[in-house]
Amino acid sequence: MGSAVTMVKPGDRVCFCNGGIGETMGTYAEAAVVPADRAVRVPDGVSLETTAAVLLKGMTAEFLVRRCFHVKPGDQVLVHAAAGGVGQLLVQWCKALGATVLATVGNADKAPIAPGL
């Protein structure tokens, strides 16, 4: 580990994203050398399976909120499937950014799952 790395320490569990389309070398390995800015510490008590799922959903949410359209305070955002993994992240993130969130769910049983609606 390089001396400038401060976010993680030896022995920490980490996950990482290895870049864009076609850059999957090493993503299924038990050990890998990755740039520090790609490593994310996995909190104690969170399984690696959950981490992998949330990381992918979070990357999808980030793509939508920051790259497809840069959500700003006062924007109105429609989130479909707000009770799903990506939908829950989108609702919370957009609200935190000051947007007004309009959301849909697949049925009435899912409405309480959608955060803060």
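Guide: Strands here are DSSP runs of E with at least two residues, helices are runs of H or I with at least four, and both are numbered from the N terminus. The model is predicted.

Visitor: Where is D109 placed?
Guide: D109 counts as exposed, because its relative accessibility of 67% lies over the 50% cut-off. As for its place, D109 is in the segment after β4 (100-103).

Visitor: In what order do the elements of the chain run?
Guide: The chain has two helices and four strands. From the N terminus on, the order is β-β-α-β-α-β.

Visitor: How many Å does α1 reach from its first C-alpha to its last?
Guide: α1 is a helix of 21 residues. At 1.5 Å a residue, a span of 30 Å is expected. The span in the model is close to that, at 28 Å.

Visitor: Which elements are included in what covers the buried residues of α1?
Guide: The buried residues of α1 are T51, A61 and V65. Their cover includes one strand and one helix, namely β1 (14-16) and α2.

Visitor: Which element gives the most residues to the largest nonpolar core?
Guide: The largest nonpolar core has 13 residues, and those with the most contacts inside it are V65, V71, V77, V79 and C94. Two or more residues come from each of α1, β3 and α2 (85-96). The element that gives the most, with three residues, is α2.

Visitor: Is C94 buried or exposed?
Guide: C94 is among the residues with the most contacts inside the largest nonpolar core. Leaving out residues up to four places away in sequence, C94 touches V65, V71, V77, A99 and V101. In soluble globular proteins, nonpolar side chains tend to be buried together. Because its relative accessible area of 1% falls under the 20% cut-off, C94 counts as buried.

Visitor: How many disulfides does the structure hold?
Guide: C15 is buried at 14% relative accessibility, and C94 is buried with a relative accessible area of 1%. A disulfide needs a pair of cysteine sulfur atoms within 2.5 Å. The number of disulfides in the structure is zero.

Visitor: Which residue's side chain meets that of D75 in a salt bridge?
Guide: D75 sits in the loop between α1 (48-68) and β3 (76-79). Because its relative accessible area of 17% is under 20%, D75 is buried. Neighbours within four places in sequence aside, D75 is in contact with F69, H70, A99 and T100. In the salt bridge, at 3.5 Å from N to O, the side chain of D75 meets that of K72.

Visitor: How many salt bridges does the count come to?
Guide: D12, partly exposed at 22% relative accessibility, forms a salt bridge with K9 at 3.1 Å from N to O, and K9 is exposed at 52%. R67 and E62 form a salt bridge at 3.0 Å from N to O; R67 counts as exposed at 60% and E62 as partly exposed at 24%. With K72 and D75 also joined by a salt bridge, the count comes to three.

Visitor: What is phi of A81 near?
Guide: A81 is found in the loop between β3 and α2, and A81 is partly exposed at 47% relative accessibility. Most residues other than glycine have a negative phi. A81 is a residue other than glycine with a positive value, and its phi is near 55 degrees.

Visitor: What share of the contacts with a separation of 6 or more comes from residues 24 or more positions apart?
Guide: Contact here means heavy atoms within 4.5 Å. Among the contacts in the chain with a separation of 6 or more, residues 24 or more positions apart account for 59%.

Conventions
Residues numbered from 1 in each chain as written. Predicted model: local features only at pLDDT ≥ 70, side-chain atom pairs only at ≥ 80, totals over all residues. Heavy atoms only, no water. Buried < 20%, exposed > 50% of the residue type's maximum accessible area, 1.4 Å probe, protein only. Core = buried A, V, L, I, M, F, W, Y, C linked by side-chain atoms within 4.5 Å. Salt bridge = Lys/Arg side-chain N within 4 Å of Asp/Glu carboxyl O. Expected span 1.5 Å × (residues − 1).
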